[in-house]
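Q: I'd like to learn how to read a helix in a structure model. Could you walk me through it?

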Amino acid sequence: MRTPRAVLSVVAAALGGLLLTAGQFAPAQAAGPTDTADAADAAAAELPDTAVFHNYPANVHRWVADNPNDSRRPLIEQRIASQPQAVWFSAYRPATVTQDVAEVTSAATAAGEVPVLVSYMIPNRDCGGASAGGAPTFAAYLDWAEDFAAGLGGAPSVVILEPDSLALTTCLNPTQRAERFNALADAADLIHAASPAARVYFDAGHSGWHSPATMAATLREAGVLESGDGIYSNVSNYHTTANESAFARAVLAQLGDPDLRAVIDTSRNGNGPLGSEWCDPPGRLVGQNPTAATGDNLIDAYLWIKLPGELDGCDGPAGSFSPAKAYELAGG
């Protein structure tokens, strides 16, 4: 049964204060009944620069293990499999999602690291494009989101909430748009209620898509000011870190909330974009390794959210792993 949306009445110590030593975090503390909204804000403190992100096994790791004699293996292993990457929850398995999430977060907690998880289950996902899918209804989506949140636990985590859900809305009429935006805010609230140390970032598209003013207006409409910890940009795209940082800062300035921060997907932006081509363009490279030490107090982290080597849907099924593409991205 889904819990109703509510303002958080729970709190963890400031996320920066959770860091005991490099890569080790203390558990979040539950709030008492007298905690205030100011205390709740403490749970959403920015990631410390010393945060270490978790490298949970994915398709690239399985390929490396299964292909010890492939000539491409050493470069793919050294340049891609060695780096922490996001874990996507994109298959609708409501019966097991809590367990699936908990497997990731418990492994990260045991290692003293921060997991990056992608919730990718919004109804009418990708407007029916190459990554179509999602939950069958919004009620089902919010039940799934509550179960997703239940697996996060009390340690810090990063949640990338529904890529393209705000930047790509052309298939939605006004009623559907409002329904989606309400569901995103509700999902973020469910995550915070279950795991106050989780940081939830909302979709801002990328610097080659919408203007900062347009994206900020959409984010505000979707409840980022009330329910989000920040925004993310460049997921599954190729724009340079410099351009994305400038774009993210401009969006944050438009939003006007000094507590919001941004994260940027640098997984495939080492060579920048190939014009406006977004679907498996040739000649791209992996970008800057994941880190929370960005040198920019508005940018929480550079992350590998889209998994290098997993296709966009033109060179093969979206999300499938291509060793040829991984090798190319690794510089082979």
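Here is a short talk about the chain, then one of its helices.

A: Happy to! This is a predicted model, in which local features need pLDDT of at least 70, side-chain atom pairs count only at pLDDT 80 or more, and totals for chains, interfaces and linings use all residues. Residues are numbered from 1 along each chain as its sequence is written, and side-chain values use heavy atoms, with hydrogens and water left out.

Q: How many helices and strands does the protein chain have?

A: Helices (H or I, at least four residues) and strands (E, at least two) are DSSP runs, numbered from the N terminus. The protein chain here has 11 helices and 9 strands.

Q: What span does helix α7 reach?

A: The expected span of a helix is 1.5 Å times one less than its number of residues. Helix α7 covers residues 174-194, 21 residues in total, and its first and last C-alpha lie 30 Å apart, close to the expected 30 Å.

Q: Which residues of α7 are buried?

A: Buried means under 20% relative accessible area, exposed over 50%, and partly exposed in between (1.4 Å probe, protein chains only). In α7 the buried residues include Arg180, Phe181, Leu184 and Asp186. Across the protein chain, buried residues make up 51% of the 332 residues.

Q: What covers the buried residues of α7?

A: Contact means heavy atoms within 4.5 Å. The cover of the buried α7 residues includes α6 (138-150), β5 (157-161) and β6 (198-203).

Q: Which residue caps the N-terminal end of α7?

A: Asn173 does, with a side-chain oxygen 3.0 Å from the backbone nitrogen of Thr175.

Notes:
A polar contact is a pair of N or O atoms within 3.5 Å; within protein, one must be able to donate a hydrogen and the other to accept it, and residues adjacent in sequence count only if both atoms are side-chain atoms.
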